[in-house]
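Subject: Handover of a structure and the findings on it

Dear colleague,

Please find below the structure that I am passing on to you. A written account of the findings comes after it.

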Amino acid sequence: MKNLVKSYINSDIAPHTVNRRFSVAPMIDWTDKHCRYFHRLLTSQALLYTEMVTTGAVEHGDRDKILGYNQPEHPIALQLGGSDPKALAAASVIAEQLGYDEINLNVGCPSDRVQSGSFGACLMAEPQLVAECVQAMEAAVSVPITVKCRIGIDDQDSEADLTNFVQHMVDAQLQSITIHARKAWLNGLSPKQNRDVPPLDYDRVYRIKQKFPALEVIINGGIKTLDQALTHLQHVDGAMLGRAAYQTPWILSAVDEIIFDAPKNTENRHDIAHKMLDYIDNYLTADITGRARAHHITRHMIFLFQGIEGARKYRQILSVEANKLGAGSEVLAKALTYVNP
Ligand SMILES: Cc1cc2nc3c(=O)[nH]c(=O)nc-3n(C[C@H](O)[C@H](O)[C@H](O)COP(=O)(O)O)c2cc1C
């Protein structure tokens, strides 16, 4: 750790205040920078997470592509996947220099690819190693380090196992933990099944908060509405929404007022979509690779008009036309003519 002193290189980029009362979950292939830009137009307050990025990708990959983001996305947390304390510390330094407001360690992802790299949910069986990872990351940067985990894995799924895991995190000075309130079966269930099949146990997460009152506890899993989020907030410090935020994005437009007691977002769906027209134009104009497509952005907006008359036609136009070579913001403008705000 000698060469990993706290990083003040970009101290002009002061970290933004992070309030985890409501967040949008890290989701591979979904919460890319275009998605987050769109979500930020809907809520100024929610904390937004990146997709999981492995330490190897941070070290060897195209950093602009993997870690690049738009400034308005703040406050924004980078989620890292890895299990080598040194590599995680080094990746954290890079993330802090780039201006990320929080760095989250993935201890919940059950996919095969992740297991073979020995990180993600399988790390729940190695609390001491996770504690070492957290300590190395905390020693390397000033921004908050957080962990996202499950309530258990395989046959290590007792309440005592979870309590033991969380105790290790607390001993490592972790300030905030996000718990997906279902266990993961590492053998036999696909990642998708692991998000639906094991039953939710919210009470177990509530009890973790009772056992560790000084630890910030964020609950995740199966939360579909802001009313449900408010109910959880009577027991824990924050609610994280994944699929519901992505598949019914309009609920995000009420988050500032209902969850944060902040000024209401008064824009309608068309106002938001019109702001995305400029974003699409800028993205396509700036592209020098020839690979940029309007679809990279509009695919995240497919569900914006869910439940509104004309939504089917809107979706159809975006799905079919936005992926064509040369398609630009006019495709979104056309789709918008079929839906009312
Ligand atoms: C498409 C997709 C990709 C996901 N990728 C990640 C990921 O990169 N890191 C992670 O910690 N969880 C990931 N998850 C899990 C979510 O963060 C969340 O824990 C899970 O979906 C349960 O929350 P929900 O019921 O609100 O969706 C992913 C989920 C989905 C649907």
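This is a predicted model: local features need pLDDT of at least 70, side-chain atom pairs count only at pLDDT 80 or more; totals for chains, interfaces and linings use all residues.

Overall form

The protein chain contains 15 helices and eight strands. Its radius of gyration is 20 Å, close to the 20 Å that the globule rule gives for 341 residues, so the chain is as compact as a globular protein of that length. Along the principal axes, the C-alpha atoms occupy a box of roughly 55 × 45 × 40 Å. Of the 341 residues, 44% are buried. Among contacts between residues at least 6 apart in sequence, 73% link residues at least 24 apart.

The chain is divided into domain 1, residues 22-258, and domain 2, residues 269-336. Taken over C-alpha atoms, the centres of the two domains are 29 Å apart. Ten residues from domain 1 and twelve residues from domain 2 take part in the contact. On the side of domain 1 that touches domain 2, the largest share comes from helix α1 (residues 33-42), which supplies six residues. By type, the residues on that side of domain 1 are seven nonpolar, three polar and no charged.

Nine of its ten residues are buried, so α1 is largely enclosed by the rest of the structure. The buried residues of α1 include the charged-type names Lys33, Arg36 and Arg40, and among the others are Tyr37, Phe38 and Leu41. The cover over the buried residues of α1 includes the strands β1 (22-24), β2 and β3, together with helix α12 (269-286).

In soluble globular proteins, nonpolar side chains tend to be buried together. Here the largest nonpolar core has 94 residues, of which Ile103, Val134 and Met137 touch the most other members. Helix α6 (residues 127-140) gives the most to this core, with seven residues. Domain 1 and domain 2 both give residues to this core, so it lies between them. For Met137, leaving aside residues up to four places away in sequence, the residues touched are Leu88, Ala89, Ser92, Ile103, Leu105 and Ile145.

The shell around the ligand

The ligand is surrounded by 23 residues, and the closest are Ala25, Met27, Met52, Gly242 and Arg243. Strand β2 (47-54) and helix α10 (243-247) are the elements that give two or more residues to this shell. The shell residues divide into ten nonpolar, eight polar and five charged.

Backbone details

Most residues other than glycine have a negative phi, and most peptide bonds are trans.

- His74 and Pro75 are joined by a cis peptide bond, with omega about -5°. Pro75 lies in the loop between α3 (63-67) and β3 (76-81).
- Asp154 has a positive phi, near 40°. Asp154 sits in the loop between β5 (145-150) and α7 (159-171). Asp154 is partly exposed because the number of C-beta neighbours inside 10 Å is 16, and a residue needs 20 or more to be buried.
- Gln173 also has a positive phi, near 70°. The loop between α7 and β6 (176-180) holds Gln173. Gln173 counts as exposed, because there are 12 C-beta neighbours inside 10 Å and the limit for that class is 12 or fewer.

Two further residues

Val320 belongs to helix α14 (residues 311-321). Val320 is exposed, with 12 other C-beta atoms within 10 Å. Val320 and Leu226 are 94 residues apart along the chain, and their C-alpha atoms are separated by 32 Å.

Thr225 is found in the loop between β7 (216-220) and α9 (226-232). With 13 C-beta neighbours inside 10 Å, Thr225 counts as partly exposed. Thr225 and Tyr69 are 156 residues apart in sequence and 27 Å apart in space, C-alpha to C-alpha.

With kind regards

Notes. Residues are numbered from 1 along each chain as its sequence is written. Helices (H or I, at least four residues) and strands (E, at least two) are DSSP runs, numbered from the N terminus. Domain bounds come from an automatic or database domain assignment. Two residues are in contact if their C-beta atoms, placed from the backbone, lie within 7 Å. A residue is near a molecule or strand if its C-beta atom, placed from the backbone, lies within 6 Å of it. The radius of gyration is taken over C-alpha atoms; the globule rule is 2.2 Å times the number of residues to the power 0.38. A nonpolar core is a set of buried Ala, Val, Leu, Ile, Met, Phe, Trp, Tyr and Cys residues joined through C-beta atoms within 7 Å.
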